[in-house]
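Please keep the sequence and the structure in view while reading.

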Amino acid sequence: MTEQMNRPLPVTDDEETAGFWKAATGERLVVRSCNSCSLFLHLPKSYCHHCGSWDVGWREVGPTGSVYTWTVLMHSIHPSFPAPCTIVLVQLDEDPAIRFVGYLDGTPELASGTPVRVRFEHVEPGVTVPQWELAE
Ligand SMILES: [Zn+2]
């Protein structure tokens, strides 16, 4: 269990995103990709806009990225995210066009390009949310 309880829960059985959440429960970060031409399809799509294929799947990506941009919340917007906290937009090292929104406790010293690493927050049984932490 995580240190942060009562977090808002993602919808984990949506047809378009269930594979992402299922992989996260196994502590794997995956991105939708085309099985025909290998293009990443992020945000997840059920067809490939490049080659027109409907044969899509999930491909594991590396667990590292960097801060693209961020904002600091000085006023709490939800009890599970006490202020101050920092919302980050992370770009993956493997493909900087793939970006994820994440949450950092407090107000860490950040710069564009600050290295981060995924961590898996086990919110409740069967629900795991990929989050980010500063890389060592
Ligand atoms: Zn394709």
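In this predicted model, V116 has L134 of β7 as its bridge partner. The two strands β6 and β7 run antiparallel and are joined by eight bridges. Helix α1 packs on the sheet, where it touches β5, β6 and β7.

**The sheet**
- Five strands form an open sheet in the order β5-β4-β3-β6-β7, and their pairing is antiparallel.
- The edge positions belong to β5 and β7; each has a single partner strand, so one side of each is left without a neighbour in the sheet.
- On average, neighbouring strands of this sheet are turned by 40° against each other, direction ignored.

**Packing of the helix on the sheet**
- The direction of α1 makes about 70° with that of β7.
- The contacts of α1 with the sheet involve β5, β6 and β7.

**The buried side of α1**
- Helix α1 spans residues 18-25, and its buried residues are F20, W21, A23 and A24.
- These residues lie on the same side of α1 because they cover an arc of only 160° around the axis.
- The cover over the buried residues of α1 includes β1 (30-34) and β2 (56-60).
- Also included in this cover are β5 (99-105), β6 (115-124) and β7 (127-134).

**The end of α1**

Technical notes: Residues numbered from 1 in each chain as written. Predicted model: local features only at pLDDT ≥ 70, side-chain atom pairs only at ≥ 80, totals over all residues. Heavy atoms only, no water. Buried < 20%, exposed > 50% of the residue type's maximum accessible area, 1.4 Å probe, protein only. Helix = DSSP H or I, 4+ residues; strand = E, 2+ residues; numbered from the N terminus. Arc of directions from axis to C-beta. Contact = heavy atoms within 4.5 Å. Pairing = 2+ DSSP bridges. Axes fitted to C-alpha atoms, helices over the stretch in contact; angles between N-to-C directions.
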